[in-house]
Amino acid sequence: MPACLALLFTLASCGPSGSLRTLGIAPKTGHERYARSLRDAGLDNAALGREWLAAADSALRAPYQLALPARELGVYSRSEARAVAYRIALRAGERLRVTLRADGQPARLYLDLFTLTGDTAAPFEHRVSAREEVAPDSAAALLILEYEATSDASVALRLQPELLRSGRFELTGRVEPILAFPVEGRGNDAIQSLFGVDRDGGARAHHGIDIFAPRGTPVLAATDGIVRSTAPNDLGGNVVWLADIARGQSLYYAHLDRHAVSAGQRVRTGDTLGFVGNTGNARTTAPHLHFGIYTRGGPIDPLRHVRQVASRPRAITGDTAALGKRAVATAGGALRDAPGDAGAILLQIPRQSAVQVMGANADAYRVQLDDGTSGYLPSRTVRIRK
């Protein structure tokens, strides 16, 4: 066995903790530590090591589009040094949750999230890495990644296994509101008045959302926090100010019929703060909760922070036995950057083009051409070679 391959096997077995030495700025992530170990060993000059390092950057520069919720099954191969990245659009108030499960040879997989900065010199900024969890099946790796969006943003999610490992993975992604819904037993349909609409003939704007429910319905803590005040006021009547310490913001609950907490009390998500009413300037309206969020910059729209969203991805319709196999694109056509017709066209390929099936998502396969170009094709147009 060539010396460079023997060393690659050693590094693949040790993972990032096997770094030979650390020079300059200390790596912050597992992926950075593993990359440093390759460079420290001189393997950035070996073909496979050089390809692994280059793949990490090239994947981020050409991510696939991933519309959530989504589920993708995929494969990675010991014979290639590849990475895959997905671009995801997030809205302020949404939490991204990604789960990665992998089966195959014991391996370290690096799952990292980056925001897109718009700066050509430094286009990506690392935000968070996945944490390892104990999988119910001890033979499988399980990674969980969570990220809260404080503003509308595009993010890039990158998956890259260590070298010289083969396996299959299942990646699922979904978004959920950062906060729990603040009225027991209610949902989106109960929200009837939105942020920013005129009040008092245009003299002021509505700095929250109104959630309608029968009088006496429990009003809930949307997050862990500390009750800062329950002092009534003319507009809100019976109110609760809840400090969301983790995010540096305050949650405002107004028009309560009565309180269930007092100032200084610590509460957990789901604890009852009070009960729906119509006190204050809501005396002539049906009982409802006025719910607001205030930051250091003033009030913000709470809708995305509590609005419940669909969490079930589209079913995979392609034959997953095709993963990792050579195939033929029987109809040719458009290779896209996302499953379905909504994806941008990357390349038009002729009929009977040879491909390798690398992933399955909804009604599409993610395929790779012989020249390394990759994208999504409808699974019905891909036939496995006999």
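This is a predicted model: local features need pLDDT of at least 70, side-chain atom pairs count only at pLDDT 80 or more; totals for chains, interfaces and linings use all residues.
Trainee: Let's start with the overall picture. How many helices and strands does the protein have?
Mentor: Happy to begin there. The C-alpha atoms fill a box of roughly 80 × 50 × 45 Å along the principal axes. As for secondary structure, the protein has four helices and 29 strands.

Trainee: What share of the residues counts as buried?
Mentor: The cut-off for buried is a relative accessible area under 20%. Applied to the 386 residues of the protein, that gives a buried share of 48%.

Trainee: And among contacts between residues at least 6 apart in sequence, what percentage joins residues at least 24 apart?
Mentor: A contact here means heavy atoms within 4.5 Å. Among contacts between residues at least 6 apart in sequence, the share joining residues at least 24 apart is 67%.

Trainee: Now to the helices. Are α2 and α3 roughly parallel or roughly antiparallel?
Mentor: Take the geometry of the pair: α2 (residues 30-40) and α3 (residues 47-61) pack with their axes 10 Å apart, at an angle of about 150°. Angles over 145 degrees count as roughly antiparallel. The relation between α2 and α3 is therefore roughly antiparallel.

Trainee: What is the handedness of the crossing, and how do the contact residues divide by type?
Mentor: The crossing of α2 and α3 is left-handed. On the α2 side the contact has H31, Y34, A35, L38 and R39, and these meet G49, W52, L53 and A56 of α3. By type, the residues of this contact divide into six nonpolar, two polar and one charged.

Trainee: Which strands are at the edges of the open sheet of five strands?
Mentor: Follow the order of the open sheet, which is β1-β3-β9-β5-β6 with mixed pairing. An edge strand pairs on one side only, and that picks out β1 (64-65) and β6 (124-129).

Trainee: Which residue of β3 is the bridge partner of Y64?
Mentor: β1 and β3 (residues 84-90) run parallel and are joined by two bridges. In β3, the partner of Y64 is Y86.

Trainee: Which strands of this sheet does α3 touch?
Mentor: Both helices of the pair we discussed pack on the sheet. α2 touches β5 (109-116) and β9 (153-161), with its direction at about 115° to that of β5.

Trainee: Over how many bridges does β4 pair with β10?
Mentor: β10 (residues 167-177) pairs with β2 (residues 70-76) in the antiparallel sense over seven bridges, and R71 stands opposite T172 there. β4 (residues 94-104) also pairs with β10 in the antiparallel sense. The number of bridges between β4 and β10 is eleven.

Trainee: Where is P69, and what is the peptide bond from L68 to P69?
Mentor: P69 sits in the loop between β1 and β2. With omega near 0°, the bond from L68 to P69 is cis.

Trainee: What phi values do H255 and A362 have?
Mentor: H255 is placed in strand β18 (residues 249-259), while A362 is in the loop between β26 (353-361) and β27 (364-369). H255 is buried because its relative accessible area is 6%, and A362 counts as buried at 3%. Neither is a glycine, yet phi is positive: about 70° for H255 and about 55° for A362.

Trainee: Is H305 buried or exposed?
Mentor: H305 lies in helix α4 (residues 303-306). Beyond its neighbours within four places in sequence, H305 is in contact with A92, G93, P177, I178, L179, I293 and I300. Its relative accessibility is 7%, so H305 counts as buried.

Definitions and conventions
Residues are numbered from 1 along each chain as its sequence is written. Side-chain values use heavy atoms; hydrogens and water are left out. Axes are lines fitted to C-alpha atoms, for helices over the stretch in contact, and angles run from 0 to 180 degrees between N-to-C directions. Angles under 35 degrees count as roughly parallel, over 145 as roughly antiparallel, 65 to 115 as roughly perpendicular and the rest as oblique. A crossing is left-handed if the near helix is turned anticlockwise from the far one by less than a right angle, and right-handed if clockwise. Ala, Val, Leu, Ile, Met, Phe, Trp, Tyr, Cys and Pro count as nonpolar, Asp, Glu, Lys and Arg as charged, and the others, Gly among them, as polar. Two strands pair if DSSP finds at least two bridges between them. Buried means under 20% relative accessible area, exposed over 50%, partly exposed in between (1.4 Å probe, protein chains only).
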